[in-house]
Amino acid sequence: MTMLARVADSLYWMARAIERADTYARLLEVSHAMTLESSDANGAGRRTVWEPLVEITGDLEKFLTTHRRADERSVAWFLSFSNANPNSVISCLQRARQNAHAVRDLLPTDVWEALNAVYLDLRSWPAGRISREGVYPFSRQVRRASALLQGLMDQGMRHDASWHFLRMGRYLERAEKTARLLEVKFHLIAPSDPVVMPGADLHQWRSLLRSVGADEAYLQLDIGLGSPREIARFLVVDDRFPRSVAFCLDQVSDAVDALVSGGEMLAGATPIALIAAAREELADETAVPWDGALGVAMDRVQRRCNDIDAAIAASCFAYPSGREGGQQRAQAARQAQN
Amino acid sequence: MRVNTLFEDYRVAGFYDEMFEEPAAPRGPYRGLYAGLASLRPDTFARKSELAGACYLNEGITFALHGREHPFPFDLLPRLVSTEDWSTLEAGLGQRVRALDQFLADVYGPRKCVEDGVIPYRLLASCNGYMREMVGVTPPNGRWVQFAGIDLIRDDRGAWRVLEDNLRTPSGLSYVVQNRSFMRRVFPEAFRGHDVVSVDHAPLMLRQALAYAAPEHVRDPRIVVLTPGSFNSAYYEHTFLAQQMGVPLVEGRDLVVRNRRVYVKTTTGYDPVDVIYRRIDDWYLDPVSLRPDSLLGVPGLMGAYRAGNVGISNAPGTGIADDKAVYVYLPALIRYFLGEEPILDQVRTHLLEDERDREHVLANLDSLVVKAVDGAGGYGILIGPHATPEERRVFARRIEQNPRGYIAQETVSLSRAPVFLDGRFRARHIDLRPFITYGAEPNVVPGGLTRVALQDGSLVVNSSQGGGSKDTWVLAR
């Protein structure tokens, strides 16, 4: 039987939510590390680190409605444990768990257990722990859980439609977030000459790489320290690094191809054309502006990602009677199970 | 110190104890287990108990109660059923399910049992589970029942008796399978020297039986599990059974009916469905022909069903067999439909519509148990000997207002078994819910769910009332 539309929807969003939690945990950890050593962590960090961090997540407006200013304490809380922030790590994990719950019959038991365990464990953290111990233990746990989940899915599932929908969600989320990170950071660091590595901002560039776990991989490229342009190229078009925009889009594209050839997605659907278009724009490196204008290109990538997301939803997830509502939940709870 | 010392103040007297004839004198089937405990230290046992609890939490096997998730309490000491007892129970339960199935076919069909005076029509038509919409409908293969859960208790002499029948949406099979799996994981040494009948294949038994609900011309039926969704208390079970049977888990909103055929919405279009194992109530199945406000069902489902294009299991309308007033007639119905003597005893039960019976019951409320005829989950019950005079007055009033709505039963002293609580073994009341699948023949899942009343003296074992469970071992010899 072909996969249920609702099930595909849940798998896709489960993967996106886990990926988002992973991304935000990394960003938090790197930002924290950057401010630790600066003399006035909150004062200087506010402009250079904490506010941009919230901006990367796209939730700055929401943040400012509940917090007066962005500093280590407020941002760390907002991105980790805040229930008011639908994109905090805990909210993402909760959403992932809810989605996993809705498709439990299709997931390996190990996957459910790992997701349930990390969620329950973080939920049991006392409120002050993250400011007491720093974000490292928190971030490490989230990153490890994400890696474990991904490994369990890759090795414990058949690489069938379920797996491809998970893959699609994970990589589309990642492509968008890497593009977003570059957009904000390039605006902030704004290299005057992208071909020369500026000594003053060296640690900024290293942090940028580190926020996507790319610092070590980049240094193995055998190009010395490279330059802002090299770093950007690495994160945008390197087709072997699993967090580059191009790599992620290729994965989404592969997943869609596999679904179409397996009869799990309609051939000729718009997502295919959109992914191809997005990939096309990055194919010619000389056409990509590797200077301050990179932000514009990255903004376009994000919009492409949103269009792809909407097209996938329209093609695969639309199911007859709409989404679950409160009244339906109430009725569901009333059904006697004798 | 050894685990057996935790039995030192364990009291056997007053009830039938499953494990002990006398203090420190275990019954035959339990001798090996009791001897094995001698090699364990109490803290080891306590640690294993904790590990078992963690298994439940990790798996997310929780029971939603008052809006919160609770792990299903599990007691590490298994409940044993001897080979001889089991063969009697197997035969008796199978007999009962065959009779119930024929009874349902007759009630919604020719009604010979009414004509021949075995059961009054008035009683059937007044059942809450009675569905006028099903009159004249013949389900595929003429079968109404593919799955049943029948509750058994043991009285103070240890005799097994049927307490009630559940055909609507019997729940708990997933716990049977998982209890065993956790038991193997945390307490493997307990199995040594025992020949325990496996239960892992229970979901496959169910799948085989569900094929009998498929339209007769369908050879390899496409089965789905229809759940009300993750907000239902038994959602875990729905996911587990779908996964273990290898069939999709769907919600009502995933299904559509076109030209009287049922389809499931997939990522590319619509796939046909042949059998719906439904875990939603009859009246919610179809907003078009049943409850118009249902958001859980499928518009047009009953039309597709009546056209013979899809099977629903159990068939809609089977709820009359759960009615506790119908239960009173079950021995007579077994004799009538099968021409056999009932193998299993029941609990003596009074109907309350007859004035003389009613007066007798009202005068003796302090020694009887009163139940709503369509109640489930341990709700709507008065346990006379434990109730306050005020509670008894409330029930007396309800009975007078609606005598058809209640039955009264003698209070049975449910058997007890040792349960590990606060570091000691305490005697607690238990029952047993075996599950019967009915494909070609009735098959009883070996064992069933032993439910435990965790409160001292309580007779209510339902998980919705804070009950727990034990792994149940049918011994092969």
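In this predicted model, the side chains of Glu237(B) and Arg279(B) meet in a salt bridge, with 3.0 Å from N to O. The two partners come from distant parts of the chain, 42 residues apart. Glu237(B) sits in helix H8 of chain B, which spans residues 235–245. Arg279(B) lies in the loop between strand E13 (275–278) and helix H9 (301–306) of chain B. Glu237(B) is buried, at a relative accessible area of 1%. Arg279(B) is buried too, with a relative accessible area of 1%.

Asp155(B) and Arg161(B) join their side chains in a salt bridge of 3.2 Å, N to O. Asp155(B) has a relative accessible area of 2%, so it counts as buried. Arg161(B) is buried as well, at 13%.

Now turn to helix H13 of chain B, residues 389–401. Here the side chains of Arg393(B) and Glu390(B) form a salt bridge, 3.1 Å from N to O. The two are three residues apart in the helix, so about one helical turn separates them.

Over all chains, the structure holds 59 salt bridges.

Some charged residues gather by like charge instead. On the surface, Asp354(B), Glu355(B), Asp357(B) and Glu359(B) make up a patch of negative charge. One of them, Asp354(B), is found in the loop between strand E16 (349–351) and helix H12 (355–363) of chain B. Its relative accessible area is 41%, so Asp354(B) counts as partly exposed.

What about the cysteines? How many disulfides does the structure hold over all chains? The count is zero. Cys248(A) and Cys305(A) show the reasoning. A disulfide needs two cysteine sulfur atoms within 2.5 Å. The closest cysteine sulfur to that of Cys248(A) belongs to Cys305(A), and it is 8.7 Å away, which is too far for a bond. Cys305(A) is buried at 2%.

Definitions and conventions: Residues are numbered from 1 along each chain as its sequence is written. Chains are lettered from A and ligands numbered from 1 in the order in which they are written. This is a predicted model: local features need pLDDT of at least 70, side-chain atom pairs count only at pLDDT 80 or more; totals for chains, interfaces and linings use all residues. Side-chain values use heavy atoms; hydrogens and water are left out. Buried means under 20% relative accessible area, exposed over 50%, partly exposed in between (1.4 Å probe, protein chains only). Patches are made of residues with over 30% relative accessible area and no salt bridge: like charges are joined within 9 Å, nonpolar side chains (Val, Leu, Ile, Met, Phe, Trp, Tyr) within 5 Å. Accessible areas come from the Shrake-Rupley method with a 1.4 Å probe; for residues, only the protein chains shown count as cover. A salt bridge is a side-chain nitrogen of Lys or Arg within 4 Å of a carboxyl oxygen of Asp or Glu. Lys and Arg count as positive and Asp and Glu as negative; His and the chain ends are not counted. The place of a charge is taken as NZ of Lys, CZ of Arg, CG of Asp or CD of Glu. Helices (H or I, at least four residues) and strands (E, at least two) are DSSP runs, numbered from the N terminus.
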